[in-house]
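Visitor: I am new to this structure and would be grateful for a guided reading of its features.

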Amino acid sequence: MTRPAFRMLPEVTADSAAFWTGGADGELRIHRCHACSRWFHPPAPACFRCRSRDVAPEAVSGRATLASYTLNHHPWFGEAFPVPYVVGLVELAEEPDTRLTTQIVDCDPADVRIGMDVEVDFEHHDDVWVPVFRPTSTGGQAS
Ligand SMILES: [Zn+2]
């Protein structure tokens with residue numbers, strides 16, 4: 001699967017800056033609540049579980065499990081974003097109910113399986129490091 005040369009980039013906000021730029025240091029930074037110790041995403045100024053505002057981004061391992069995915073065949077952006085590509089919902093190793101919508105890369109779409117182990121990688125575009133996920137080198141728990 002060819003990686004796209006083009007990405008629709010997010011508007012980086014004060015809350016999301018750590019998430020979108022952590023890749024400059026090779027870190028996936030996810031918001032964590034210091035009151036209940038839980039991670040959450042997307043980043044926000046308060047914890048959605050306990051309402052505490054004592055929250056801040058912290059680096060996670062970058063390891064995750066593919067919870068669900070869809071295979072897109074429609075060329076929304078022409079040749080700039082080659083199809084097919086896999087849009088995945090991954091669960092962080094640190095907090096399985098904290099999920100990220102991402103692209104699964106470096107993997108034949110035919111080999112993608114729910115439950116497979118994936119790890120983060122970053123694509124640098126302008127001032128944003130887009131977190132994408134690829135199968136771990138040790139393989140996954142494909143079922
Ligand atoms: Zn909390």
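**The zinc site**

Guide: The site of the zinc ion is tetrahedral, with angles of 101 to 123° among its four donor atoms. Four donors count as tetrahedral if all angles lie between 85 and 135 degrees. This is a predicted model, in which local features need pLDDT of at least 70 and side-chain atom pairs count only at pLDDT 80 or more, while totals for chains, interfaces and linings use all residues. Residues are numbered from 1 along each chain as its sequence is written, and side-chain values use heavy atoms, with hydrogens and water left out.

Visitor: Which residues coordinate the zinc ion?

Guide: Donors are N, O and S atoms within 2.8 Å of the metal (3.2 Å for Na, K and Ca); water is not among the atoms, so sites may look incomplete. Here the SG atoms of Cys33, Cys36, Cys47 and Cys50 coordinate the ion at 2.3 to 2.4 Å. Their spacing in sequence is C-x2-C-x10-C-x2-C. Cys33 in strand E1 (residues 28–33) and Cys50 in the loop between strand E2 (39–40) and strand E3 (55–60) are 17 residues apart, a pair that links distant parts of the chain. Strands (E, at least two residues) and helices (H or I, at least four) are DSSP runs, numbered from the N terminus.

Visitor: Is Cys33 buried or exposed?

Guide: Buried means under 20% relative accessible area, exposed over 50%, and partly exposed in between (1.4 Å probe, protein chains only). Cys33 is buried, at 1%, and Cys47 is likewise buried at 1%, whereas Cys50 is partly exposed at 35%.

Visitor: How many disulfides are there?

Guide: A disulfide is a covalent bond between the sulfur atoms of two cysteines. The rule applied is a pair of cysteine sulfur atoms within 2.5 Å, and by it the count is zero.

**The backbone**

Visitor: Which peptide bond ending at Pro42 is cis?

Guide: The bond from His41 to Pro42 is cis, with omega near 5°, and Pro42 lies in the loop between E2 and E3. Another cis peptide bond joins Val83 and Pro84, with omega about -5°.

Visitor: What is the phi of Arg51?

Guide: Arg51 has a positive phi of about 70° although it is not a glycine. Arg51 sits in the loop between E2 and E3 and is exposed, at 66% relative accessibility. Ser37, also not a glycine, has a positive phi of about 70°; Ser37 belongs to the loop between E1 and E2 and is partly exposed, at 42%.

Methods: Four donors count as tetrahedral if all angles lie between 85 and 135 degrees; four count as square planar and six as octahedral if opposite donors are over 155 degrees apart and all others between 65 and 115; anything else is irregular.
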